Amino acid sequence: MTIALRWGIVTAGKISHDFCVALSTLPFDEHQIVAVAARDKQKAEEFAKKHEIPNAFGSYCELAEWDIDIAYVAALNPQHFEICMLMLKNGKHVLCEKPLCMNHKQAKKLIQYAEMKKLFLMEAVWSRFFPAYQYLRKQIDTGVLGEIKEVSASFCVDLRHVERLQKKSLGGGTCLDLGIYTIQCAQWAFQEPPQQIVAKGTLNADGVDVEAIAELRYSGNRKATCHFSGERLLDNKAVIKGTKGEITFLQFWSPTKIIDIDGKEKEWVLPKGKYPTNFPNSEGMRYEAAEARQCILEGKLQSEHVSHNDSLLFAQIEDEIRAQLGVIYKEDKEQ
């Protein structure tokens, strides 16, 4: 018998819309959205009507107490820790948008609590579940690329109109929103912690980073260059170079196309959902949702592709980059 995973959606914003569209591309007998919650109940009700969700709530507590299996958390960055803890306390599995928390300290507390409760918790680093990323992993593991020597990844878009990215109180800054993609890509290739991090960048008047370049230095004189910006649009791709050749990811955070080691383009076509998405290739969130379901069915508390240790390392790297840039959130000052 097929078991449907019952999803609860936290917030009724743009990314939650896209996630629901992604779920609509998966079999209904495997994934069902049973409730949505937002602090504005009217927004939750409008969202529920659009996506044919039977229950809408005006508080996250109501959702946490409802009959769901897993919560998809897409709230503002500073709310992740509190909402995820609320869901876990109520016995719910959690898929939380990036960043998992505001810093390593919070992430460690959250992960320890999830493990104690024996509940599945995953940071929604959706990139890693795309077929392109799985293909790259295989090419690296089987030695097709040789030893990985260098990674360069840039995620630079004009986000000056996005208020939450400009304000420290809203968890703003490009490192936590865009930088995470470049960092996880480097880690996917190297599979070891960097030995040194050197970062430089620009802050806005509110003290959050609007652009940065971080060099992650690994053993054997290998390196990754991570460039992220909310000020301007650049050619956003990732190049993974080995001693035997290289693979290029086009739109690397959600790639459906790569330039393979032989110089030829390789493509994986995404299915379309019942509505257009707000962001490119959001239908690809289907892959992380399917992974969450499979892990839960198998009784796993984490995914091997975005493990708890992966998330802790991402947070450590982000903390170090922010420290070098001079970005300090109130959560960094809390004990």
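This is a short tour of a predicted model, stop by stop.

Residues are numbered from 1 along each chain as its sequence is written. Because the model is predicted, local features need pLDDT of at least 70 and side-chain atom pairs count only at pLDDT 80 or more, while totals for chains, interfaces and linings use all residues; side-chain values use heavy atoms, with hydrogens and water left out.

**Stop 1: the two domains**

Select residues 5-126 for domain 1, then 131-267 together with 306-333 for domain 2. These bounds come from an automatic or database domain assignment. The C-alpha centres of the two domains lie 25 Å apart. Domain 1 gives 20 residues to the contact and domain 2 gives 24, where contact means heavy atoms within 4.5 Å.

**Stop 2: the interface**

The size of an interface is often given as the accessible area lost when the parts come together. Between domain 1 and domain 2 about 2,000 Å² is buried, and carbon and sulfur atoms give 63% of that. Buried area here is the accessible area (1.4 Å probe) that two parts lose on being put together, summed over both. Now select Met102, His104 and Val125 in domain 1: these lose the most area to domain 2, together 27% of what that side buries.

Which elements give two or more residues to the side of domain 1 that touches domain 2? They are α5 (104-117) and β6 (121-123), and α5 supplies the largest share, seven residues. Helices (H or I, at least four residues) and strands (E, at least two) are DSSP runs, numbered from the N terminus.

The count of salt bridges between the two domains is zero; a salt bridge is a side-chain nitrogen of Lys or Arg within 4 Å of a carboxyl oxygen of Asp or Glu.

**Stop 3: Lys108**

Stay on helix α5 and pick Lys108. Its relative accessible area is 42%, so Lys108 is partly exposed (buried means under 20%, exposed over 50%, partly exposed in between; 1.4 Å probe, protein chains only). From Lys108 to Gln134 is 26 residues in sequence and 27 Å in space, C-alpha to C-alpha.

**Stop 4: helix α4**

Select residues 80-89, helix α4: seven of its 10 residues are buried, so the helix is largely enclosed by the rest of the structure. Which residues of α4 are buried? They are His80, Phe81, Ile83, Cys84, Met85, Met87 and Leu88.
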